[in-house]
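The sequence and the coordinates are shown below.

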Amino acid sequence: DSLREASRNQATGLKGVKHVILCASCKGGVGKSTTAVNLAYSMHKRGFKTGILDVDIYGPSLPTMVKPERPFDPRRDIVGNEIMPVNGFGVKLMSMGFINPVDSFVMRGSRVTPLVQQLVSTTAWGELDYLIIDMPPGTGDIQLTLSQMETLRIDAAVIVTTPQRLSFVDVVKGIEMFDKVGIPSVAVVENMAFFQNDGMQDNIQAFANKYSLPQEAVSELEEILKAKQFLFGQGHKQRLLDMWGIQNSISIPLFPDLAKQSDSGMPYVLAFPDTDVSRAYSALAESV
Ligand code: ADP
């Protein structure tokens, strides 16, 4: 085991990192970054030293989703060849968006891969139990390069998808790519899986009062209105799990509070620890 440990994560900054988990999706906008952030903070809440590396160079969302204690300061945070991660609510963070908030959005493809490699090798993480890497969407050059970097030993991938039928083929492509380079996909997150309108209590009560409805009718009405609506059908999660023998999965609803929280700079699982959604992320953290 110690031999294996010794051969892992040899890039200087990764020396103290025990496990590396990729958070990947095959399309943009499915909630990959939301998953990466809430997974990382759920791990942190379980007592693990955790970091998030956002290598989604074209659309780095970490700086929006987590507001660091203090902004990245190149004069202070670039030391020799190393980049120091910033700290946000106890989790170490690095993203091109911290280093260069403007330039990162316009860049030729040929410049992106070396930049990602550099970001991976030169960030000085210190001691970490888990480093979560928020990947760019897709199954292209960057994904392959990262998966095969000699100095980076990746333990597992978490695949984020939405239930629309179209994305099924892409998800399979992603799992196959990781499989070829020996990275097991250990969990599937079905994001925006359903919608549940559970913020109607006050309206229902007012309605019931107006028409003098009995309490029984109020409860029944609440149940009807709170039923899960599978806007995109029941999805393909089970098929994916069966095909690949993936043991773990969670479903996250289409949930306005989650989006609102992502824009606020404080991760949802920290702001609302006792909701079904936070419990689902916690189950994901336990399973990977
Ligand atoms: P990706 O990393 O795949 O591009 P993001 O995590 O950035 O996706 O999510 C895209 C947008 O959708 C963001 O505005 C985010 O807040 C929102 N979002 C993600 N998941 C959900 C959800 N379950 N319910 C509502 N909004 C969501």
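A residue is called buried if 20 or more other C-beta atoms lie within 10 Å of its own, exposed if 12 or fewer do, and partly exposed in between, with C-beta atoms placed from the backbone. By that rule Ser212 is exposed, because 7 other C-beta atoms lie within 10 Å. The model is predicted: local features need pLDDT of at least 70 and side-chain atom pairs count only at pLDDT 80 or more, while totals for chains, interfaces and linings use all residues. Residues are numbered from 1 along each chain as its sequence is written.

**Overall form**

The chain contains 14 helices and 10 strands; these are DSSP runs, with helices (H or I) of at least four residues and strands (E) of at least two, numbered from the N terminus. Its C-alpha atoms fill a box of roughly 75 × 45 × 40 Å along the principal axes. The radius of gyration of the chain is 21 Å, which agrees with the value near 19 Å that a compact globule of 288 residues would have. This radius is taken over C-alpha atoms, and the globule rule is 2.2 Å times the number of residues to the power 0.38.

An automatic or database domain assignment supplies the domain bounds. Domain 1 covers 2-194 + 230-283, and domain 2 covers 199-228. Between the C-alpha centres of domain 1 and domain 2 the distance is 41 Å.

**Interior and contacts**

Of the 288 residues in the chain, 40% are buried. Two residues are in contact if their C-beta atoms, placed from the backbone, lie within 7 Å. Among contacts in the chain with a separation of 6 or more, 81% join residues 24 or more positions apart.

In soluble globular proteins, nonpolar side chains tend to be buried together. A nonpolar core is here a set of buried Ala, Val, Leu, Ile, Met, Phe, Trp, Tyr and Cys residues joined through C-beta atoms within 7 Å. The largest such core has 70 residues, and those with the most contacts inside it are Leu22, Cys23, Leu39, Ile132 and Val158. Apart from neighbours within four places in sequence, Leu39 is in contact with Cys23, Ile132 and Val158, as well as with Tyr281, Leu284 and Ala285.

**The ligand surroundings**

Which residues are closest to the ligand? They are Gly31, Lys32, Ser33, Thr34 and Ala259, out of 17 residues that surround the ligand. A residue is near a molecule if its C-beta atom, placed from the backbone, lies within 6 Å of it. Helices α2 (32-45) and α12 (256-262) each supply at least two residues of this shell. The shell divides into seven nonpolar residues, nine polar and one charged. In this division Ala, Val, Leu, Ile, Met, Phe, Trp, Tyr, Cys and Pro count as nonpolar, Asp, Glu, Lys and Arg as charged, and the others, Gly among them, as polar.

Helix α12 also holds Leu258, a residue that counts as buried because it has 22 C-beta neighbours inside 10 Å. Beyond four places in sequence, Leu258 is in contact with Thr34, Tyr268 and Val277.

**Gln117 and Met149**

Gln117 lies in helix α6 (residues 109-122), whereas Met149 lies in the loop between α7 (141-147) and β8 (156-161). Gln117 counts as partly exposed, with 18 C-beta neighbours inside 10 Å, and Met149 is likewise partly exposed, with 18. Setting aside neighbours within four places in sequence, Gln117 is in contact with Thr145 and Met149, while Met149 is in contact with Gln117 and Val120.

The table lists C-alpha separations for selected pairs.

| Pair | Separation along the chain | C-alpha to C-alpha distance |
|---|---|---|
| Met149 and Gln117 | 32 residues | 8.0 Å |
| Gln117 and Leu152 | 35 residues | 9.6 Å |
| Leu258 and Phe272 | 14 residues | 9.7 Å |

**Backbone exceptions**

Phe89 has a positive phi of about 50 degrees although it is not a glycine. Phe89 is placed in the loop between β5 (86-88) and β6 (91-95) and is partly exposed, with 15 other C-beta atoms within 10 Å.

Ser212, not a glycine either, has a positive phi of about 50 degrees. Ser212 is found in the loop between α9 (201-210) and α10 (215-226). Helix α9 lies largely in the open, because zero of its 10 residues are buried.
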